[in-house]
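Dear colleague,

Please find below the sequence and structure for your review. My notes on the findings follow directly after them.

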Amino acid sequence: MAEAKTKPTKVSAESFLDTIDDEQARKDSLTLIKLMEKITGEPPVMWGPAIIGFGTYHYKYASGHEGDMCLAGFSPRKGKLSLYTMATFEGRNDLLTRLGKHKSGKGCLYIKKLDDIDMTVLETLISKSIACLNKKIEDYKE
């Protein structure tokens with residue numbers, strides 16, 4: 001089986017952020033680091049070359065594919081911040097409606113800048129996403 005490309009590295013989040021030219025993206029990234037540290041109680045860790053992640057969990061699919069991933073994370077991509085969250089949990093759609101200007105995918109939120117969104121709603125979204133993921137992990141262990 002192929003080795004996962006997205007795994008923890010020894011690169012510091014701070015040194016990664018130093019490579020980002022966009023000052024708004026750097027400022028927003030520092031805010032997200034503080035927020036995700038607060039929510040997870042975990043320090044930022046680089047996952048692969050561009051994801052800043054917090055915490056870790058092990059997954060295994062029915063296909064047999066398994067690996068490790070961060071509980072919460074984000075990546076300052078060109079023109080947007082990509083936040084990695086659980087795709088489904090009760091109340092998610094309501095929170096997304098109240099979040100502010102964003103786009104969403106299966107397990108991602110795309111935000112141009114944090115000034116466009118309600119940070120309290122974002123904190124709730126991330127917290128509930130992690131709680132849902134932790135519940136799935138516990139259910140899997142049983």
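This is a predicted model: local features need pLDDT of at least 70, side-chain atom pairs count only at pLDDT 80 or more; totals for chains, interfaces and linings use all residues.

Arg98 is partly exposed, with a relative accessible area of 47%.

**Charged pairs**

Arg98 forms a salt bridge with Asp94, and 3.5 Å separates the closest N and O atoms. Both residues belong to helix α3 (residues 92-99), where they stand 4 residues apart, about one turn of the helix. Asp94 has a relative accessibility of 46% and therefore counts as partly exposed, since that class lies between under 20% for buried and over 50% for exposed.

How many salt bridges does the count come to? The total is 3 salt bridges. Another of them joins the side chains of Lys38 and Glu123, at 2.9 Å from N to O. Lys38 lies in helix α2 (residues 23-40) and Glu123 in helix α4 (residues 119-141), so this pair ties together parts that are 85 residues apart in sequence. Lys38 is exposed, with a relative accessible area of 58%, whereas Glu123 is partly exposed at 24%.

A further salt bridge is formed by Asp116 and Lys113, whose closest N and O atoms are 3.6 Å apart. Asp116 has a relative accessible area of 23% and is partly exposed. Lys113 is also assigned to the partly exposed class, with a relative accessible area of 34%. The position of Lys113 is in the loop between β8 and α4. In sequence, Lys113 and Lys101 are 12 residues apart; in space, their C-alpha atoms are 8.9 Å apart.

**The positive patch**

Lys101 also belongs to a patch of positive charge on the surface, where it gathers with Arg77, Lys80, Lys103 and Lys112. Where in the secondary structure is Lys80 found? Lys80 is part of strand β6, which covers residues 80-84. The relative accessibility of Lys80 is 34%, so this residue counts as partly exposed.

**Overall architecture**

The secondary structure of the protein chain consists of 4 helices and 8 strands. Their order along the sequence is α-α-β-β-β-β-β-β-α-β-β-α.

Turning to dimensions, the C-alpha trace spans about 45 × 35 × 25 Å along its principal axes. For a chain of 142 residues, a compact globule would have a radius of gyration near 14 Å; the protein chain has 15 Å, which agrees. Of those 142 residues, 41% count as buried.

**Individual positions**

Is Cys70 buried or exposed? Cys70 is buried, as its relative accessible area is 5%, and the cut-off for this class is under 20%. Cys70 is placed in the loop between β4 (66-69) and β5 (72-77). Cys70 and Tyr84 are separated by 14 residues in sequence and by 8.9 Å in space, C-alpha to C-alpha.

Gly67 lies in strand β4. The relative accessibility of Gly67 is 12%, and this glycine counts as buried. Between Gly67 and Lys7 there are 60 residues of separation in sequence, while the C-alpha to C-alpha distance is 8.8 Å.

Lys106 is found in the loop between β7 (103-104) and β8 (108-111). With 76% relative accessibility, Lys106 counts as exposed, the cut-off being over 50%. Lys106 and Tyr59 are 47 residues apart in sequence, and their C-alpha atoms are 17 Å apart in space.

**In brief**

Yours sincerely

How values were computed: Residues are numbered from 1 along each chain as its sequence is written. Side-chain values use heavy atoms; hydrogens and water are left out. Patches are made of residues with over 30% relative accessible area and no salt bridge: like charges are joined within 9 Å, nonpolar side chains (Val, Leu, Ile, Met, Phe, Trp, Tyr) within 5 Å. Accessible areas come from the Shrake-Rupley method with a 1.4 Å probe; for residues, only the protein chains shown count as cover. A salt bridge is a side-chain nitrogen of Lys or Arg within 4 Å of a carboxyl oxygen of Asp or Glu. Lys and Arg count as positive and Asp and Glu as negative; His and the chain ends are not counted. The place of a charge is taken as NZ of Lys, CZ of Arg, CG of Asp or CD of Glu. Helices (H or I, at least four residues) and strands (E, at least two) are DSSP runs, numbered from the N terminus. Buried means under 20% relative accessible area, exposed over 50%, partly exposed in between (1.4 Å probe, protein chains only). The radius of gyration is taken over C-alpha atoms; the globule rule is 2.2 Å times the number of residues to the power 0.38.
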